[in-house]
Amino acid sequence: MQKNLLLKTGIIVAILLIFVYGMLGPKLFSGEGLKAALLDRVHLGLDLKGGTHLILQVMVNDAVGAQSDHASELLKDELQKAKIAYADIGKLDNQPEKVVIKGVPVDAVSTLRGIIRDRLPEYDMSAGTDNSWVLTMKPQVLADLKDRTLEQSIEAIRTRVDSLGVSEPLIQKNGLGDNQILVQLPGVDDPGRVKDIIQSTARLELREALDHGTSYPTEQAALQAHGGILPANSVIMQRRPRKGEEEGFIIVSRIPVVSGTDIRSADPGNKSDTNEPIVNFYLTAAAGKKFAAFTGAHSKDSADPSNLAIVLDNRVITAPSINGQISDSGIIEGGFTEESAKDLAMLLRSGALPASLHYLTERTVGPSLGADSIKAGVKAAIAGMTAVLIFMLIYYRGAGVNADLALILNLVILLGFMGFFGAVLTLPGIAGVILTVGMGVDSNVLIFERIREELRNGKAAAAAVDQGFDRAWTTILDTHVTTIVSALILFFVGTGPVSGFGLTLIFGLLANLFTAVFVSRVIFDAVLSRKGRGEALSI
Amino acid sequence: MEFFRNTNIDFLGKKWYFLSFSLVFSVAGILSMMFWHGIPLGVDFRGGTLVYVKFVNAPNIPAIRSELDKAGLHNAVIQSLEAGSNEVVIKLDLKETSEADLSKGKNQIINALETNPVPGKQNINNSDRIGFAAVRNALLASDPLHAEPAEYDRLARRVLDFRDKEHSGVIKSMDDLKGVVPDPVLNALKQSFYTSDFGVRSADIVGPQVGGQLKKQATLAVGFSLLAMLVYLWFRFELIYGVAAVVAVFHDTLITVGAFSLTNQEITLTVIAAILTLVGYSMNDTIVVFDRIRENVKLMRRESLAEIVNKSINQTLSRTILTSGLTFLTVLSLYLFGGEVLHGFSFALVVGIIIGTYSSIAVAAPMLVAYTEWRSKKSGRGAIPLPTPGAKGKVRVKV
């Protein structure tokens, strides 16, 4: 019996040591103090540390539309090569996965069918209204494209956030809706700037600027310059005004010469003569060839001089004339500050987003609120715990000490668990800790009341303790299982702070099973083994 | 010390009082949900914009109102928080919260409150944009001490700690930093920054799409949780035990949500967490009583179920009251000291623990007895279901 007790005490001490280490970690020995060691192990959630929680919608249809645009251009080329006439080819605006082909002569349809089969196998061809044909992206291809777009967006956001030096960011698919991304940035103290950087599509395109880059004051004026009809294969784009300039509109080619995916690298720099901040960009080899052909054909001294529009996120930044053939690099100048040039170069380097992003939710907790919440949470925790500890001492006397020891151990194990798992402590999580104290004491009360009952029925101390634990056990098991079930649902279904609360509750209940049943029993046994036969138990 | 000893209260005899008590509160809650305040959903579920603003001095609500009106935000709701905290919440409807430009409403509020911006300088209380990087960069650029960058890192951190940890996010005037940082540094800071008379403590902006999804998720979570418990109790006891316990817990949830409706407090995501905790907690209480009934049914073969149930409740009464009292104590300390963010959460727990304790005695147990009596009358046999843990076959006990 004595030996057994010693072994059990040994187990408890070992577990205590393990979880104290879990709670305080390696910094325990560094002499930086308990608080620093604890903070190093238990990570504070967004609501305590301050920071921002964002849910973004990836407009995956952007990527689908781009794919259909690409297919349209390819088809036009192929039809021209095969000398087949057509009236119009283009994607449907509200259904970007569909491309409509109009005006192909009836006798050329079998050739068209052959081209689609060979060159655009990812589309199905079907008859539309008015002698038109409709290409529909195959469902599997469409689903894959959407998935890939989401993955690439997550990657791009991660690169950007990493380059900003945010510690412990969380960037993942948001399970709640389709094509959503959850971004959590704890400790970010300028969330406004970070939000802008994440959302910037950073799609750089080089297009031909028609009318030698003339900027028209309104869209209407641009149309009128061409007699009300836009030149073939061109679109009107807004110009990004620099400081002190009116906004304007420029007519550019519909299809970019070089697009975002063709950028190899970019870095910030300064213009040699004016020292104005600029961004240098470098193209991939294939894009460099295309770009060289274009700039060669349209340079100032060529037969067909034209301007180059540098387009960022569908807005023209500049539209300079082309001085000579350029192959694989260029500069963007356009009223940058040092910081904005640096940010843009970073964005271009990290790659364009394959689709635009919309914010669906933004929760920002300022650092000051987080600090106040910690103070309030800790105050409530200490007040609640002290009240419970004192009450147990008064109500159960000797056994109260037992319960209090178990309760404190329960807390140490809970915090140790969180340290080991790198769990995040949120404000509802602190509430979870406090509740664990309240509910944890329930197991002790159940057992103690049962022991008192057995004692009243005339049982000896040792037998009463034995029966008390035995009888209370099934109840304790049932109550813990049901509470763990609801905590698990919180953990899996909840998001952010609520999920953290569920986790705290689960750890707390598991620890409680151990402390209230096993540890408390060992303490009773130890007390009883010192007492003589027939001596009363303090309960 | 002992509060209860050998109590012998006839709980089941008071079932009509219990029933009318439960009915009054449930019906009051339901009526309020239907005709009065509805179910007051927080911004998490309803969508919309919520901005917590702290002012340097006591906020002048009519003045804020007129500034917001000027900015075109006619439907904004302004609420003062605790007296003395100088804080207000400004709420915008979902209408002013579009997913095309989510933070537009928030920015409009901030711009409207910013009554005296200083051109060429930045507002140091604008915690959305002014963080460590901005303060350090300003100091590095002006280099007032001709010191190492590490020194400016330290000073920038100090300034922000002063703002966030010591002054709740708003610095009254740049001169307050005197003594906090060396004078040359203060002068350099004054070149780049000014102070507004307010700061944004936190902002919640939820677009319509996410709000709807969260609503669905929360309903599912509560539903699943009840279902999982029904199944567990069915497995451990008998179906009727599970049904009685789930009805009791549902009763608690209904009355708690009703209390939110009656007092017109908003149900947020954390309140849902509290309600789910209650589901678990109230189930605890019920199980303790049921466990005792299960035990007593085996021991007391001659008594009627009503007597057994009464006895079981009395035997566990001491534990029930103690545990609830202690949990209530901790929850009360949360409600009193836990700060504004946890108010709704702890309110739900305060109400729920009282109701949860009551319902395990006054709803679950009487329902069990009522069902058994009804069944024995119907079938003409006096059989009550005996819970059979672990056993395959069902044992029936003659009463």
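In which hand does H1(B) pass H12(B)? In this predicted model, the crossing of H1(B) with H12(B) is left-handed. The contact behind this crossing involves B:Lys15, B:Phe18 and B:Ser22 on the side of H1(B), and B:Ala362, B:Val363 and B:Pro366 on the side of H12(B). Sorted by class, the residues of this contact are four nonpolar, one polar and one charged. Helix H1 spans residues 15-35 of chain B and helix H12 spans residues 343-379 of chain B; their axes come within 10 Å and cross at roughly 120°.

A second pair of helices was examined in chain A. The axes of H11(A) and H13(A) are 9 Å apart, and the two helices pack at an angle of about 10°. H11(A) is therefore roughly parallel to H13(A), since angles under 35 degrees count as such. From H11(A), the contact draws on A:Ser373, A:Gly377, A:Ala380, A:Ala381, A:Gly384, A:Met385, A:Val388, A:Met392 and A:Tyr396. From H13(A), the residues are A:Leu427, A:Ile430, A:Val433, A:Ile434, A:Val437, A:Gly438, A:Val441 and A:Phe448. In the contact of H11(A) with H13(A), 13 residues are nonpolar, four are polar and none is charged.

The two chains also touch each other. At their interface, 64 residues of chain A are in contact with 68 residues of chain B. On the side of chain A, the elements that give two or more residues are helix H7 (191-199), strand E17 (357-365), helix H11 (367-396), helix H13 (427-456), helix H14 (461-493) and helix H15 (496-530). H11(A) gives the most to this side, with 17 residues. The residues of chain A that touch chain B comprise 36 nonpolar, 18 polar and ten charged.

Strand pairing also links the chains. E17(A) pairs with strand E6 (residues 198-206) of chain B in the antiparallel sense, over five bridges. Within E6(B), B:Ser202 is the bridge partner of A:Val365.

Chain A is divided into three parts: domain 1 (2-49 + 366-530), domain 2 (61-142) and domain 3 (200-362). Between domain 2 and domain 3 of chain A, the C-alpha centres lie 29 Å apart.

Terms used. Residues are numbered from 1 along each chain as its sequence is written. Chains are lettered from A and ligands numbered from 1 in the order in which they are written. This is a predicted model: local features need pLDDT of at least 70, side-chain atom pairs count only at pLDDT 80 or more; totals for chains, interfaces and linings use all residues. Two residues are in contact if their C-beta atoms, placed from the backbone, lie within 7 Å. Helices (H or I, at least four residues) and strands (E, at least two) are DSSP runs, numbered from the N terminus. Ala, Val, Leu, Ile, Met, Phe, Trp, Tyr, Cys and Pro count as nonpolar, Asp, Glu, Lys and Arg as charged, and the others, Gly among them, as polar. Two strands pair if DSSP finds at least two bridges between them. Axes are lines fitted to C-alpha atoms, for helices over the stretch in contact, and angles run from 0 to 180 degrees between N-to-C directions. A crossing is left-handed if the near helix is turned anticlockwise from the far one by less than a right angle, and right-handed if clockwise. Domain bounds come from an automatic or database domain assignment. Angles under 35 degrees count as roughly parallel, over 145 as roughly antiparallel, 65 to 115 as roughly perpendicular and the rest as oblique.
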